[in-house]
Amino acid sequence: MSLKDFAATLPDFAKDIRLNVGAMLNEPSLNDQRKYGLILACAHGTGHKPLVEAAEAECAPKLSAEAANAARAAAAVMAMNNVYYRFTHLASNQEYAKLPAKLRMNVIGAPGIDKADFELFSLAVSAMNGCGMCIDSHEKVLKAAGVTAEAIQHAARFAAILKAVATIHAATA
């Protein structure tokens with residue numbers, strides 16, 4: 001099932017979300033790797049299996065195997081990092097922020113695709129997961145790589161749309 005068809009199953013009260021899915025799929029300012037990589041990373045980031053399956057079907061013909069794996073890897077590593085770094089940022093005791101994380105995250109250094117694209121996927125999942133420390137870190141790398149504010153904003157928008165799709169579908173399916 002395509003992502004648009006999946007979104008069409010949302011109830012009428014979520015019409016705006018359905019329209020936003022269509023706009024996201026038709027976003028002209030992102031190349032296919034960025035657009036579909038963001039969709040796949042964010043779908044995986046929701047953890048909602050029916051959405052993941054629809055996103056996988058939508059993205060399979062648009063992404064190389066390396067880009068698809070990088071999108072999945074961004075969601076996986078951010079699922080871990082966003083919890084840990086949000087903890088170190090929010091804990092009143094700053095001692096935790098000084099301790100080594102001791103978390104394996106080699107994929108960040110060698111994602112198998114353009115580093116800026118992987119960072120964009122990671123930023124989107126971090127936005128979805130609400131980790132300000134990770135958002136700031138990824139945004140800094142993206143800006144240094146010359147990624148525009150518009151592309152970064154698209155990443156956050158895609159995360160918001162797909163999180164809404166997952167939430168509504170989980171509550172009404």
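Select Ile-17, Asn-20, Val-21 and Met-24 in α2 of this predicted model. Show their partners in α9 too: Arg-157, Phe-158, Ile-161, Leu-162, Ala-164, Val-165 and Ile-168. By class, this contact of α2 with α9 holds 9 nonpolar, 1 polar and 1 charged residues. On the α2 side, the contact residues include Ile-17, Val-21 and Met-24. An α-helix has 3.6 residues a turn, so residues three or four places apart point the same way.

Now show the two helices whole. Helix α2 covers residues 15-25, and helix α9 covers residues 149-172. Their axes come within 10 Å and cross at roughly 140°. That angle makes α2 oblique to α9. What is the hand of the crossing of α2 and α9? It is left-handed.

Next, select helix α3, residues 32-46, together with helix α5, residues 65-90. The two pack at an angle of about 40°, and their axes are 8 Å apart. α3 is therefore oblique to α5. The crossing of α3 and α5 is right-handed. From α3, pick Gln-33, Gly-37, Leu-40, Ala-41, His-44 and Gly-45. From α5, pick Ala-67, Ala-68, Ala-71, Arg-72 and Ala-75. The contact of α3 with α5 counts 6 nonpolar, 4 polar and 1 charged residues.

Stay on α5 and hide the rest. This helix has 26 residues. From its first C-alpha to its last, α5 reaches 37 Å, close to the 38 Å expected at 1.5 Å a residue. Where is the kink in α5 centred? Go to Met-78: the kink there is about 30°.

Met-78 is one of the α5 residues in contact with α8. How do the residues of the contact of α5 with α8 divide by class? They split into 4 nonpolar, 5 polar and no charged.

Terms used
Residues numbered from 1 in each chain as written. Predicted model: local features only at pLDDT ≥ 70, side-chain atom pairs only at ≥ 80, totals over all residues. Heavy atoms only, no water. Axes fitted to C-alpha atoms, helices over the stretch in contact; angles between N-to-C directions. Helix = DSSP H or I, 4+ residues; strand = E, 2+ residues; numbered from the N terminus. Parallel < 35°, antiparallel > 145°, perpendicular 65-115°, else oblique. Left-handed = near helix turned anticlockwise from the far one by under 90°. Contact = heavy atoms within 4.5 Å. Nonpolar A, V, L, I, M, F, W, Y, C, P; charged D, E, K, R; others polar. Expected span 1.5 Å × (residues − 1). Bend = angle between axes of the 7 residues up to and from the residue.
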